[in-house]
Amino acid sequence: MFNRNTLSVAMATLLLSACGSSSDSNDQAKENNEVEMPKFALAYKQAVSGEAEYLLPANDLMQGQINANSVGAEQLGWNYYYPVGNTIFVSGYENFETVSYKLNSDGELARQGAFVFNNALEVFGADGDDYLLASDEPRDGTHTTRTLYTVSAESGHIIRQVGYSIFDEDTGTPGEGTVGWATALVVRGDELFVPFHKLDDQGWYTTPAPDEALVAIYDYPLNDGASPKAIISDDRTSHIGVNGSTTGLILTDSGDMYSFSNGTIAAGFSPASTKPSGILKIANGESDFAQHYFFNIEEATNGGSIFWMDYVGGNKAIARLLVDKKGEAPWSAFGRTNFNQKLVIIDLAAKTVTDVANVPLHAKRYSSPVEVVNGKVYVSIEEETQAYIYEVDIETATATQGAEIQGKTVKGVYYLAD
Amino acid sequence: MKYTVRYLTQCLGLIGLSASLSIHAQAQSEAKEGAVERIEVVGQESDQAIRLSGFNVDLLLTDKYQNSVFDLNQILNFSPGIHVRSNGGVGSSSELSINGLSGNQIRYFFDGIPMENFGGALSLNNFSGNLVEKMQVYKGVVPIELAADALGGAINIITPSLDENLLDLSYSYGSFNSQNLSVFSQIAFQNNWFVRSSVSLNHSDNDYEMHNINKIENGNVVGVQTVRRFHDAYTSGSINLKAGIQGTELADELSVGVILAANKNEQQHPEKSTNKVFAGVYSKNDSKLFSAIYKKDWQQFGLKGYLLTGKITESFYDTLNRIYAWDGSYTTPNNATDGEFGTQSIFHLTDDILRYNLSADYHLNQQDTLTLSYAHNAIERQGYDEINANNTSFSTPNRLDKSVLGFAYNTQILNDSIRFGVFAKHYQMGGEIIAEQQVEFETVEQTTLINFDKSGFGATLSYQLSDDWLVKTSFEEAVRLPEPVEILGTGKYVMPSPELNPETSRNFNLGSTYRYSVENLFTRTEVNLFLRDTENLIRYVPEQIIRGRYLNDRKVQTNGIELAWYGRLHDYYSLNLNATYENATDQSYVDIDGFPHNHHGDRIPNRPYQYANARFSLDWMAFDIAGLTTSWSINYVGQFFYQWESSGSKSTKFQVPTQATHDLDIEYAFKNDAYRVSFSTRNIFDKAVYDNFNIDKPGRAFYIKFRYLN
C-alpha cells in the first residue's frame, strides 16, 4: 500500500511539474540548490478522534504552532518512537511493524527500512549510535520467552534476533506467580542491564511484591535462549521504572548507571510499595547496586515520586515528579485528570533536585528519550487545555515556553543535525 | 470481529426433506414485466401505504436479483444512500451505512423481529435471497412497529406471503470455489395450515489474490509481492422452519418457528494488517432460535406480537503454535503456549436472548390511526476459554435488558393527499454488571446496577401534489442505547462504563419523487436531502495502558443528497442510476481530553462520502429472443483518506483510491420461466479493490447459477 501510494503521488508530482504549476517554496529552494534541512523531527500526536500521529520535520521549536497541516509522515495507531543516532524508529500496535525514518537529501523524513514482529515491541534501548534494541513484554501475564531484536540504524533491518528470559515464578496456577516486565534495555560494555517489574501472571498488571528494585544482567550480545547471569536486587526502594517508559535505567558518560523507582498506585503499582521513591546507582565497572548510594526522592522533595527520568549529560538527569497525592488513583499518572507533574533537574552525584523555573504543573504519559542540543533539552508540557514545547537550560534549570502544540502531545524531539 | 459471518454444513438431510414436500403450482403472477417493473410500481396495498407515507423508505424487491449471484448486502448496495464496505470475500466482516450512520446504529429485522446479536451465520451476507421477498429500508426515521434503538435507520427483511405455495431451488458455483445451495418451500393447505422450510448452504475458499503485500525475509521488509489467500474459507448453513395457521377468523398468522444456523470462518490475517498471516485461526458460530408469532387485523383493531428466544454461541480458535508466512511456510515460536494471534485460546462467547413485542393498531375512522407498541430485549452473555486460563473475559455472566415503548398517531386529510404522523418512543435500559475487577491488588467481583431511560420522538409528513408527484419529509430524535460490551465491558481489559450515555441523533429527511410517463417511456426521479446531527458517539478509549473503556466522544453532523433516476423504454430497456454525496463533519470543539479539537468542521476520515451506481438492463425480447436478459452494472466509490485529510504530507497519507467496478449478468429463463440459468462476472476488469485501507477485496470472479421456481 505504501508503495502504491508513493507511486501514485510520484506520478501526480510528475504531472504537476510537467504542467509547470508547482510553485512550492521547496521546489524553488531546490532550484537554487539550497534545500533547507530541518534540524529537528517531532513525534506529534493530534488531539482529535483517532489521535493520528505524524513524524514532523521542524526547524524552529521556539515560536509559532506545531501541527501536521500538510506536513509529516503519517503513522498508524499508537506508536513508540526511539532515536538511534539520526535514525528514528517508529513501532506501533496496529500493523505489527517497526519503520525507521531518516532525513533524505531533499530534507524530508523518509521511510528507510521496516521489519515485522510477532508480539508488540514495548521496551527499547540502543547499542551506541548504530543499533536499536527492542523487546516484547508478557502482555497477558503468561510465562513466555521474550524476544530481543538488534536492528541496524543504517538499514532499519533486523540483524539479530534471540529468545531470552527475564524472570518467571510459575506455580502452574495463574495469579499465584509472577512474570518479569522490562522497563529499560541498557548496554554497558559487554553486559546488558534489564530492570524489571514483577507482575502477576494472570495479566492483571498488578505488582504483588513491589518492595525491591530488580535488574537482570546478561552477557552481551545475548545468545539465543539466554537467561540472566545475575539478578541483582535492592530493598531500599521499589521496582525500577514505570510501564511504557523505556528509561527506567540510564547510563551516564562516566559509565555509572542510575535507576529510578516510583512505587505509587498512580504509576501503576498495585499494591503501592511501602518503600520510598528513589534513585539507585550501579557504579562504573560494578555489577551490583552501590551500597553507599541511595537518593531518597520522597524525602528530598517532600513526598514527590519520580514518574519519568532521562539523562542530560554530566551527572544530571531531567525528571518529572508526581507532587500532589490528591486525586491519586490507579494508573492516574498516565491519564489527564491530575496535572501534578513537576519538571526538575536532578544532580545525581550531588543528590540535589532543582525545580525547572517557568514550567507549570502538567500531565505527561509517554516520553521518548531526550537529546541534548547545546546544553538544552526540549520537552512537551501538557496542561489541561493547552500544550507547549519548552526549552530547558540544563545548567540554570530554567525554561522558556516555545511553540504551541496544536494537539495532544509531542512524544519526542529528535535533533537531526548532529 | 463484529460482523464476521460463519456457517457450517450440517443440514444435508433436511434439503431432501424440503425438496420432497409436495408442491402445488401457483400461477405465475407478474412473470416477465415484473422483473424490472416491480421494484418501481409496488403492487401490494401495504407497500403502497409505506411508499406514500412520510418515511424516507426504500422498498427493495429482491426478485430481479434472485436469478443471479447476489447476497442481500450486494442488493442493498444498489440503493441510493446505502453503502456496504466489506473486508474481503464471502463471509468477511462488513459494515453497512445508511446516510452516513453505520454499524450498530442501524438495526435489522426479520419479518419485524430484531436480528441484533443474531450471530455471524445469520448476518445479511449469508442470505442468498430466495427466502426474502423484499426489504424495507428506513433511512433515519423508523416507525414504532420496528421497536428498537435504531439511531440511523432500520432494515426489515420480509419473507413471502404465507398463503402461497412456493418451491424455489437454486444452486450457484463460481470463482474461488464459491457455492451456494438454497431451497425454499412453502405449502399452504386448504384448511389454512401452512408449512415453510428454507435451507441454505454456503461456501467459498476465498483464495483470491492480494496485491502489495510486504515481502518479508528474516523479519525484514524487503519489497512487495502479490500473494494468494490460503486460509480464508467460509462455510455456513441454516435451516429455517415455520408452521402454523394463516388467514383464519382467529389469526392472520399464528405460527411457531425454529432457526438453526452455523458457520465456520477462517481468518487469514488480523483485521487491519496483512503483516501477520494465519493458517489456523478461525471462528465458529452456532445459533438456535425459537420464535412464535401472532398477527390479526380486525376491521378497526389490529394486533401483532412475537416471542423470540434462543442461544447464540461464537467460538474463536487460535491453537497453532506457529508463525506463518504468505507462502504457507512457518516457523515455530519461542513459546509453546503462543498461538498465531496471541496466547493459544479456544474462547466461547454465549448469548442467551429473549425478545418479545406486542403492538396494536386502532383505527378511529378511515383517516385516523393510533398505534401502541412495546418491545423488550434481554441478553445474558457469558464467556469461557478452554485453554487460556488468563482469559477471563465474561467469566461471570452479564445481563442487560432494553425495552422500547412506542406510541404513534397517523392521519390522512385532503382526500388522503396529505399524510401526517407523529410518534414518540421511550427507551428503558437496565442491567447488572458483574465483573471481576482489580481493586488495589485484590481481584473482587463487583456488581454494578444500571438503570436509565431516554425518550425520543418524530414526525412524518407527505403531500401528494399530483398523481405523479410526491413530496415527503420526516424527522426523528433517535436514540441508540449502549451495546452490552460498551456498557458492561468484557470483565477484563474492557472495563465497565456505567455512566455511558446513549448515542442520540436528530435525523431529518426531505424528499421528492416525480414520475413521468409517455407512450412507451416510464421514468421516475427521486431526490432526497438528509441531515444527521449526531451526539455522544460511543468510542473505545484506552485508559490504563492496556485497559480501557467505552466513552461518549464526539459530535458529528452529516448532510447529504441522494439522487436516483429510473427509466424504462418499451418494457425492454431499463436504466437505474443513483448517486449519493454525504458530508460528515466533526462538530466537536474539544477532544475527549479537553484539548482544542484540531479538526473542528473537517470531514470525518475513513468513510466513503461519494458513491454511485448504474445498472442497465436489456430484455432481449426487443430482438425477439425470449427469456434472455442482460444487465451491466457499474459501482463507483470516490477516493477517501484513512486519517484526517489535511494532516500529513500527501506522499505519506494512507488512503483508499477511487474505484469503479463493472459487473455483467446474463440470465436465461425457459419453460414458462420455471427454469433460470444465469452467468455473472463481477469486477470484469479485475481492478484491485479495497473498502478498507490496505485490505484487498476479490478481483474478477465468474459465477453460474441455476434456479427452479414454481
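**View 1. Strands β3(B) and β4(B) run antiparallel and are joined by two bridges.** Strands here are DSSP runs of E with at least two residues, numbered from the N terminus, as are helices (H or I, at least four residues), and two strands pair if DSSP finds at least two bridges between them. Look for Ser97(B), which stands opposite Ser102(B) in β4(B). The hairpin of these strands has two residues between them, and Asn99(B) takes a positive phi near 50 degrees there. This is a predicted model, in which local features need pLDDT of at least 70 and side-chain atom pairs count only at pLDDT 80 or more, while totals for chains, interfaces and linings use all residues. Residues are numbered from 1 along each chain as its sequence is written, and chains are lettered from A and ligands numbered from 1 in the order in which they are written.

**View 2. On to the pairing of β2(B) with β3(B), which is antiparallel over five bridges.** Here Arg85(B) stands opposite Glu95(B). Four of the five residues of β3(B) are buried (20 or more other C-beta atoms, placed from the backbone, within 10 Å of a residue's own), so this strand is largely enclosed by the rest of the structure.

**View 3. In chain A, four strands form an open sheet in the order β23-β24-β25-β26, with antiparallel pairing.** β23(A) and β26(A) stand at the edges with a single partner strand each, so one side of each is left without a neighbour in the sheet. Within the sheet, seven bridges join β24(A) to β25(A), and Leu322(A) stands opposite Gln341(A).

**View 4. Leu132(A) belongs to the largest nonpolar core, which has 127 residues.** Such a core is a set of buried Ala, Val, Leu, Ile, Met, Phe, Trp, Tyr and Cys residues joined through C-beta atoms within 7 Å. Leu132(A) is one of the members that touch the most others, along with Leu55(A), Leu56(A), Val194(A) and Ala317(A). Leaving aside neighbours within four places in sequence, the contacts of Leu132(A) (C-beta atoms, placed from the backbone, within 7 Å) include Tyr82(A), Phe89(A) and Phe124(A). Apart from this core lies another, of 85 residues, with Phe118(B) and Ala408(B) among them.

**View 5. Chains A and B meet in a contact that takes 62 residues from chain A and 57 residues from chain B.** α1(A) gives the most to chain A's side, with five residues.

Technical notes
Contact = placed C-beta atoms within 7 Å. Buried ≥ 20, exposed ≤ 12 C-beta atoms within 10 Å, placed from the backbone.
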